Amino acid sequence: MAADRRRRKRRTVLLGAAAAVLAVVLGAGGWLLWPGEETGGTSGPEAVRQAPDDIRETTEELPVSPEGELVLEHDEEDVGKATDTSPRYAPGTWATDKVFAKGVARRIEGYRIKEHATEKAWTLELDGHLCATSRHVTADGRTAVVVQPPRAEGAAEDKGVCDQVVFVDLNTGKKLWQKKMPSADFAYATNTNLTLTKGVVAVAWGRGSVAYGMEDGRHLWNGTTASQCEDKGFAGGRALVALVKCGEVPDATYRVQKLDPRTGKAQWTYRVSDGVQDVYLPSSDPPVLAVAAGDSVVTDLISLDGRGRHLTTVSLSGYEAKCGTRYFSSPLFGVVENCDGMVVGGAQAFVMSKENIANGQPSDWIVAFDLKTGETRGKFEGRWLQMVYPLRMSGDELLVYRRSGALSPASIVSWNPRTDKETPFLLFVLPEDEEGVLSDPEQSDILVENGKVFFARRTVVRDDEYPKDPVLLAVGYGSAGLKH
């Protein structure tokens, strides 16, 4: 009963705050604009028709109204015993035009959003805990996860090995196939990286790698494990690029290879300069590397051409690429592709600045870097006490999350770097007591899909004040003028 009262109170506060803030913005003659008015922005070019096993690339259309309403509120039950302070991990957040899906512990749950309400569509129980997920989803709504195997009968606890690849239809919650990874005795949540490219699921765990065909889970190829070099991880999407590590830190060297997804054969190789401590692959096509040169954090971006030849190097001094920083710097659930402070488009990389604490000035900003020349091609300003984060490309435009301010709601906006036009997409109010975590891309997934925005924690910890109460795991917002 107490939990229900808290939910009702939170929902009432959200709706009341949203109405009040929107009234202030409108009354002040603010920047609230609807499609059809003179904005200079667009909803992006018409999306290219994709095959079912292509990795989805959607172009968002502007909602009927940017006024947002709460369409999803999911609480995690029975988070922990009174003496349990360990987090419950919740890796994996996805959305299609039909459902929102969230991974947590050893299951995935799907929620259908329609007519301004949410209903649980399905629950997929997994054999073991989730170890690795991918942000990639196929054009027809499928994705893959890596999980632990079933616990042996009589075993006191899991051994931690992650050797099961599961391919899932997110629209239905159906497990399409499950395969055991070969020679995966040393695959754990700390080193297993999973990605998808056209028709192929690929997994690497340092001591080995493997690829499967999406259609039926047929084994395609294995990476070698008999040398001093190992496949540390892959970047997927439009292409498949491998990060190969040779030797051990601090003397390790790296190379990046574009692979034929069906055979695993290298099509080109780029050798990273000596002295680099770590490498991330935020984009496979165009190929972009984020490198930590002589440091543990990313210091530079390197862009390559279609043949793996160096184009330019961009210094990230003063910028915050946020590569490998999920779960407070713990390398859990695959980090090779994850750079939460940057987005790579077809010709530019968009990187957020470090936080600016100067009074009265923007809290941060996003800069577009040309991938051929390294020159800046645009700057999206934040506001004082309102940080901005790059989320993803929508056609040729960048979707940006702007945090709320004293008299401004949180918002998703679309930015055209060529014209420097900013178009409002959605305005909404996050739960006040949860905004800090939900708005932090290092702690929560922020996902825009099919006219809605979702915020979902990656870990859940019980509330010490209300240890028996459920904990908010995810919220979502859609247009108040849009039928779901």
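Predicted model: local features only at pLDDT ≥ 70, side-chain atom pairs only at ≥ 80, totals over all residues.
Entry: I found three disulfides in the structure. I then numbered the bonded cysteines in sequence order and got the pairing 1-2, 3-4, 5-6.

**Entry: Cys323 and Cys339.** I see a disulfide between these two, with the sulfur atoms 2.0 Å apart. The torsion about the S-S bond is 110 degrees, and the link of Cys323 and Cys339 is right-handed. I placed both Cys323 and Cys339 in the loop between β22 (310–315) and β23 (342–344), so the pair ties together parts that are 16 residues apart in sequence.

**Entry: Cys229 and Cys246.** Here I read 2.0 Å between the sulfur atoms of the disulfide. The S-S torsion of Cys229 and Cys246 is about 110 degrees, so I noted this disulfide as right-handed. Cys229 sits in strand β15 (residues 229–235) and Cys246 in strand β16 (residues 240–246), so the link ties together parts 17 residues apart in sequence. I checked burial too: Cys229 and Cys246 are both buried.

**Entry: Cys131 and Cys162.** My last pair is joined by a disulfide, S to S 2.1 Å. Its torsion about the S-S bond is about -75 degrees, so I wrote it down as left-handed. Cys131 belongs to strand β7 (residues 130–133), while Cys162 is in the loop between β8 (142–147) and β9 (164–169), so the pair ties together parts that are 31 residues apart in sequence. Cys131 has a relative accessible area of 1% and is buried. For Cys162 I also read 1% relative accessibility, which counts as buried.

How values were computed: Residues numbered from 1 in each chain as written. Heavy atoms only, no water. Disulfide = S-S within 2.5 Å. Helix = DSSP H or I, 4+ residues; strand = E, 2+ residues; numbered from the N terminus. Buried < 20%, exposed > 50% of the residue type's maximum accessible area, 1.4 Å probe, protein only.
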